Amino acid sequence: MSVTLSPRALMSLLVNGPKAVDVLETALTLGLLDALEPGPVRLDALADRFGVRPLRLYKFLDCLESLGCVTRHEPDDDIAGASYRAVPGLRDAVLAVVGPDAIERDRDRYPWRLLHGRLAESLRGEVGMTDDDFAWPPKTDAQTADFERSMAAGLGPVIETLRRHADRLWSDRRRLLDVGGGDGTLAAHILDTADGLRADVFNLPAVAPLVAATRVDRGHPDRLGFVGGDFLAGPLPTGYDAMAFVRVLHDWPNDVARRLVEQAYAALEPGGLLLIAEEFRTPDRLAVQFFWSYFLIGVDSCVSRLREVEFYTGLLAEVGFTRVGVLPGGWELVTAYKPG
């Protein structure tokens, strides 16, 4: 959905954001996106298929076109003969944002409205989130469970990329340590595609019951384990030929991120694989991350630092890892190996 707009045109779309979401939700629920994506399809055919008035549909499709969602070919003055095609991947993108299980719906549970209209006060430190609103790090079992559930809800792009490269990543691996691995959702998905692998989640002890529940729910009673600890307080566990930092390093300053990578290097077996998955700093990722950038304006204890991918590839090489590479996907994966 790439589109180049003037600043004035972009401002117009932004101020009409709720209306744009209404258009997208309607296109999704009517099934229009299913018809438009394989396109091209004529306006009159669309109107007949969905039982709508052609001239009204023409204006509705103008809304989608203004968002960069569809392309239009209108060969003459016959509006009914105009043909449309959605940009590739549009339906999945809209489903991910406004569908019933959309990550944006999960994010909307957070009390961002405490800041709405009061950002200047928040920037001055006069308004902010209390521990009852958002505690970082979580301080109670309930806060921990809620945070980990929310983090699991956003794993879709990582899971997609891991599935895509499963044979390359896990075919010669035996034991994986998912450092800061939440409630075990990601590790369970990895185990679904790697029959010879065992995975342990390394996280704060309070997370153990959540991983235990995932172990049962996802059907990996003997292959998904848990190791309690604090990666900021001591070395990482040893005995693993693969480790992963997935959405972990961005929460910490550069020196902490470096120390964690150094700890992984020290703990991994010779020839071990280190995998890093983060939202790297690109225009697309900054846009997807907009909610957290906005919400965390009111939180002093957490800064989500989107870094360029070169930060991680350079850091891995400096620490001593070799065969540093980047695997493509919904989220790119940085991979590196400890010399054998």
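Mentor: Strand β7 covers residues 242-246 and is mostly covered, with five of its five residues buried. Buried means under 20% relative accessible area, exposed means over 50%, and partly exposed is in between, using a 1.4 Å probe and protein chains only. Strands are DSSP runs of E with at least two residues, helices are runs of H or I with at least four, and both are numbered from the N terminus. This is a predicted model, where local features need pLDDT of at least 70, side-chain atom pairs count only at pLDDT 80 or more, and totals for chains, interfaces and linings use all residues. Residues are numbered from 1 along each chain as its sequence is written, and side-chain values use heavy atoms, with hydrogens and water left out.

Now the side chains. In a regular strand they alternate between the two faces of the sheet. In β7, Ala242, Ala244 and Val246 point one way. Met243 and Phe245 point the other way. Both sets are buried.

Next, the partners. Two strands pair if DSSP finds at least two bridges between them. Strand β4, residues 175-179, runs parallel to β7 and is joined to it by four bridges. Here Asp178 stands opposite Ala244. Strand β8, residues 273-277, also pairs with β7 in the parallel sense, over five bridges. In that pairing, Val246 stands opposite Ala277.

β7, helix α14 (residues 254-267) and β8 make a right-handed β-α-β unit. Right-handed means that, with the strands pointing away from the viewer, the path from the first strand over the helix to the second runs clockwise. Arg247 lies in the loop between β7 and α14. Its phi is positive, about 50°, although Arg247 is not a glycine.

Arg323, in strand β9 (residues 322-327), also has a positive phi of about 50° and is not a glycine. Arg323 is exposed, at 61% relative accessible area. Another backbone detail is the cis peptide bond between Gly39 and Pro40, with omega about -5°. Pro40 is in the loop between α3 (32-36) and β1 (41-42).

Finally, the whole chain. The protein chain has 17 helices and ten strands. Its C-alpha trace spans about 70 × 50 × 40 Å along the principal axes. Of its 340 residues, 44% are buried. Among contacts (heavy atoms within 4.5 Å) with a separation of 6 or more, 69% join residues 24 or more positions apart.
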